[in-house]
Amino acid sequence: MFLGNKLSEVEKAIAHADNYQTFYEACQRHDELSGANDWKEKDRSNDYDYQLIQKRIIRLQKALDKRDAPTLMQILHEGIHGNLGNLANPELGRHSKVGTKKLIETFLDLVCKALKFIYNADEQQVDFYEKLSFFDETSHAFGQSCLMLSGGAGLGFFHAGVVLSLLEHDLIPSVVSGASSGSIIAALVGTRTKSELVEILSIENIYQQFGRWRRFKGVNKDELFDSTNLENALIELFDLTTFEEAYQKTGIDMTVTVSPADLHQISRLLNAKTSPNALIVQAVRASCAIPYVFSPVYLKAKDQQGNVIPYIPNRKFADGSLMADLPFERLARIYGVNHSIVSQTNPLATPFLSGSKNKSNGLTGLTLRHIANMAKKNSIYLCDLLETVAPTNSFKLGIHKVRSVIDQQYVGNINILPKGKLANYKYLLANPSKDSLAQLLRNAEQATWPRIDEIKRSTKISKTFQKYLKKLKQKEADLLKVQSYPLDAKKVG
């Protein structure tokens, strides 16, 4: 059989794989046939600084061979960051279906090995608080990944399949955000353990909770659809849990974005840091308040006695995706993230997006990007002009929302998008059936599989940092308990 025919057969196997293992094995076979494996074996490439990585590997290996933890700490502290030697260059992902340069994989493995060695180093060589300081400072400098789930109305159940696929490979980042329908799935991630999440995101449970989320109310009403069923489902899922309570349970820094329903206000990011006592149920309800579909709502919180009270009184909030669909820059300020994984179902964005930030640097690509940027700037200018001369506040507010939609960034470093983008519009305002949910979740799994290997590489070092930092902080907490015990015992005596 000719090579072209063999590749065609393997590509069919990739397209029709019914589980990740089958998909991965077919991708490996494709790389073998296409010559990608030969590319992986060669260090040299214009896409990254292979010489820098070679030198860094030699230094790390020498320090490991000498069992020299202080030198390893110095090497990592002075030079480790998320894009060392341009390792994050998306061009490196063009050459193979899975995997990348062996040199890069060796470097990632060696860094993780060095971190493990430092963590386990004898405290006569590196004392406990030196270790804690190193992991705390260096992990913060290195950064971490976040998972952002966009808006998308009924299409937002796609996020459930993405989350389940990432969960299967232990790839859910510790920072997760959601807007509009994405806020429902983000809130589930932030309030459930892994086993609970697998159960709650089953087709049967999703259908039971949201099978009738849409009920037509009437054109002359303040909202097209009755929100009662949606509100009841959210109450059953989240009860009176606050963001702080959710964080204490799962350790997930979960954010829900909401947009103001009036002028002169900015979007809010609600999480355990910015609004620890706010109720998740009202935050999600507000984020799902698509204009003219569901009415905006007031936020609520708990006081110190556990009573439910207003949060930001006299202000109503609505659909989070209008102004903060993917709030990467603000998450970066709060949590130190510098890499994003995006599950994107926003109907205003998906028809124009591809699955990565790979950009053509040819004349055509540069020209098209310039035209797109000019169109965006001109549209924003037009909105600003119209808002200035708008006769009423309601008209100003409408223009302001349109401007916010145009001015947003809708892609991340790694993007997971539904297949058959235009065909998916049928899900937007429809009540899901079990069959449609099965199809949507299946679509999400298949869209996630090609990104799994890249996500593993992108998050390998940050996850290792977080693992050992968590252990060290737990040990510190235990030490403080032991040190305070004699004082407590004295008081009791």
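This is a predicted model: local features need pLDDT of at least 70, side-chain atom pairs count only at pLDDT 80 or more; totals for chains, interfaces and linings use all residues.
The protein comprises 493 residues, of which 49% are buried. Its secondary structure amounts to 19 helices and eight strands. Contacts between residues at least 6 apart in sequence were examined for their span, and 77% of them join residues at least 24 apart.

In soluble globular proteins, nonpolar side chains tend to be buried together. In the present model, the largest nonpolar core contains 81 residues. The members that touch the most other members of this core are V163, L188, L201, F210, F238, F243 and V284. Helix α19, spanning residues 434–492, contributes eight residues, the largest share of the core. The surroundings of L188 illustrate the packing within the model: when residues up to four places away in sequence are not counted, L188 touches L197, I200, L201, L237 and F238.

A histidine, H169, was also examined. H169 lies in the loop that links helix α8 (158–168) to strand β2 (175–179). The relative accessibility of H169 is 18%, and H169 therefore counts as buried, the cut-off being under 20%. With neighbours within four places in sequence left aside, the residues in contact with H169 are Y20, I452 and K456.

Notes:
Residues are numbered from 1 along each chain as its sequence is written. Side-chain values use heavy atoms; hydrogens and water are left out. Helices (H or I, at least four residues) and strands (E, at least two) are DSSP runs, numbered from the N terminus. Buried means under 20% relative accessible area, exposed over 50%, partly exposed in between (1.4 Å probe, protein chains only). Contact means heavy atoms within 4.5 Å. A nonpolar core is a set of buried Ala, Val, Leu, Ile, Met, Phe, Trp, Tyr and Cys residues joined through side-chain atoms within 4.5 Å.
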